[in-house]
Amino acid sequence: MISIQKTLRILKIVFSVFMVFHIAIIISIIFLDIIPVDYLWGGQLKTKGELFIFELISILVQTICLLYVLLYKKYFSEKTTGKVIAWILFIIFSFNTVGNILAKTLFEKIIFTPVTLCLSLLMLRIALTKKTEK
């Protein structure tokens with residue numbers, strides 16, 4: 001089984017990369033106008049305004065997830081709240097994995113399905129962590 005330290009390290013990297021990815025999308029929407037709307041978010045969005053809002057929400061969610069991982073050892077590892085948050089994130093990423101599988105674009109299916117599946121499994125690892133492992 002993967003160690004809790006390695007789990008947290010992987011999550012920090014993935015959430016940081018996701019934040020950079022979503023910021024790059026926002027920059028490309030505002031300044032460059034080069035990303036077609038129908039390639040992102042499973043092809044479900046119709047306008048650049050919708051894409052912009054969804055990207056801002058995504059950055060907020062990624063920030064919350066990154067903060068949780070960064071603060072896990074100090075504030076959450078010994079508390080029930082930490083486990084509850086990990087279970088909630090596990091469920092969210094599991095549903096997101098299903099959404100990616102059902103997406104209209106191959107990009108979402110091929111790239112993001114394995115990523116969100118890994119994120120859900122890493123959150124499950126945190127949720128199942130016993131006090132002696134910390």
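**Helix packing and aromatic pairs**

The crossing of helices α3 and α4 is left-handed. The model described here is a predicted one. In it, α3 spans residues 80-101 and α4 spans residues 106-127, and the two pack with their axes 8 Å apart, at an angle of about 160°. Because that angle is over 145°, α3 and α4 are roughly antiparallel to each other.

**The contact of α3 with α4**

- On the α3 side, the residues that meet α4 include W87, F90, F93 and I101, and among their counterparts in α4 are F112, L117, M123 and L124.
- The residues of this contact divide into 13 nonpolar, 7 polar and 3 charged.

**Aromatic pairs**

- The count of aromatic pairs comes to 6.
- F15 and F93 make a stacked pair, because their ring planes lie at 25°, with the ring centres 6.0 Å apart.
- Y68 and Y72 form an edge-to-face pair, at 5.9 Å centre to centre and with 70° between the planes.
- Y68 and Y72 are separated by about one helical turn, because they stand 4 residues apart in helix α2 (residues 48-76).
- Y68 is buried, with a relative accessible area of 4%, and Y72 counts as buried at 3% relative accessibility.
- One aromatic cluster is formed by F18, F21 and F112, and F112 is also among the α4 residues that meet α3.

Conventions. Residues numbered from 1 in each chain as written. Predicted model: local features only at pLDDT ≥ 70, side-chain atom pairs only at ≥ 80, totals over all residues. Heavy atoms only, no water. Axes fitted to C-alpha atoms, helices over the stretch in contact; angles between N-to-C directions. Parallel < 35°, antiparallel > 145°, perpendicular 65-115°, else oblique. Left-handed = near helix turned anticlockwise from the far one by under 90°. Contact = heavy atoms within 4.5 Å. Nonpolar A, V, L, I, M, F, W, Y, C, P; charged D, E, K, R; others polar. Phe/Tyr/Trp six-rings, centres within 6.5 Å; stacked < 30°, edge-to-face > 60°. Buried < 20%, exposed > 50% of the residue type's maximum accessible area, 1.4 Å probe, protein only.
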